[in-house]
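I opened this entry to go through the fold first, then the cores, then the charged pairs. My notes follow in that order.

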Amino acid sequence: MLVTKRLRLRPMLLGDASSLFNVWSDEETTKYMDIEPLTSLQQAEEMISFFIVLTQRGKGHHFTLVTEESKDIIGTCGFHEWNHDHHRAEIGYELSRDYWGHGYMKEALHILLHTGFHQYGLKRIEAKIDPHNHRSRYLLESLGFQKEGVLRSYEELKGRRVDLELYSLLKEEFTLSLKKDS
């Protein structure tokens, strides 16, 4: 479990399905995700099971975001596409629309990045985002990620081919930013 001032990032549990269904069924929240908004609790359970298996196989590690004050489940974040040989992983994240604009995801990703670099031994962390996802771009840039380029017609998303922007953050860049902040 990872703890920040306002959040607990804990391993995902099947019991989170109802709360995460509320996040993953929202059209605005899933607008730039590679899933359609969920329509059943069973779909949420299947997604959670997928993330649990990913963690068990050492190919990722996803966390449920829980507020310290109210104990509400407000989203998830974590690593996937983990490449142990090359010490890199990709991050993914989503947050309930009710909590947008309050710095929760930046707080969660900051401790996730710290853990990735300093406990999991990652040297590079990547993120791929839809070019129209301005909130995500701003978040990544505020954490020190650099845009590397555009992956043209990279994936099929909701029936259409889409470009994705590739962002990365290196361990030494993250460590430097920590020294500047202190």
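I took helices (H or I, at least four residues) and strands (E, at least two) as DSSP runs, numbered from the N terminus. I called two strands paired if DSSP finds at least two bridges between them. The model is predicted: local features need pLDDT of at least 70, side-chain atom pairs count only at pLDDT 80 or more, and totals for chains, interfaces and linings use all residues. Residues are numbered from 1 along each chain as its sequence is written, and side-chain values use heavy atoms, with hydrogens and water left out.

**Sheet.** I looked up the strand order. Eight strands form an open, mixed sheet, running β1-β2-β3-β4-β5-β6-β8-β7. β1 (2-3) and β7 (146-157) are the edges; each has a single partner strand, so one side of each has no neighbour in the sheet. β1 pairs with β2 (residues 7-11) in the antiparallel sense, over two bridges. Leu2 has Leu9 of β2 as its bridge partner.

**Helices on the sheet.** I counted a contact as heavy atoms within 4.5 Å. Axes are lines fitted to C-alpha atoms, for helices over the stretch in contact, and angles run from 0 to 180 degrees between N-to-C directions. Helix α1 (residues 17-24) packs on the sheet and touches β3 (61-67), β4 (73-83) and β5 (88-95); its direction makes about 85° with that of β4. Helix α2 (residues 41-56) touches β3 and β4, at about 125° to β3.

**Cores.** Buried means under 20% relative accessible area, exposed over 50%, partly exposed in between (1.4 Å probe, protein chains only). A nonpolar core joins buried Ala, Val, Leu, Ile, Met, Phe, Trp, Tyr and Cys residues through side-chain atoms within 4.5 Å. The largest core has 33 residues; Leu9 and Leu109 are among the members that touch the most others. Helix α3 (104-118) gives the most to this core, with eight residues. Leu109 touches Cys77, Ile91, Tyr93, Leu139 and Leu143, not counting residues up to four places away in sequence. Another core, of 16 residues, lies apart and includes Trp24 and Met47.

**Salt bridges.** My criterion was a side-chain nitrogen of Lys or Arg within 4 Å of a carboxyl oxygen of Asp or Glu. How many did the whole structure hold? I found twelve. Arg8 and Glu68 meet at 3.0 Å, N to O. Arg8 is in β2 and Glu68 in the loop between β3 and β4, so the pair ties together parts 60 residues apart in sequence. Lys71 joins Arg8 and Glu68 in a network of salt bridges. Glu165 pairs with Arg137 at 3.2 Å, N to O. Glu165 is buried, at 5% relative accessible area.
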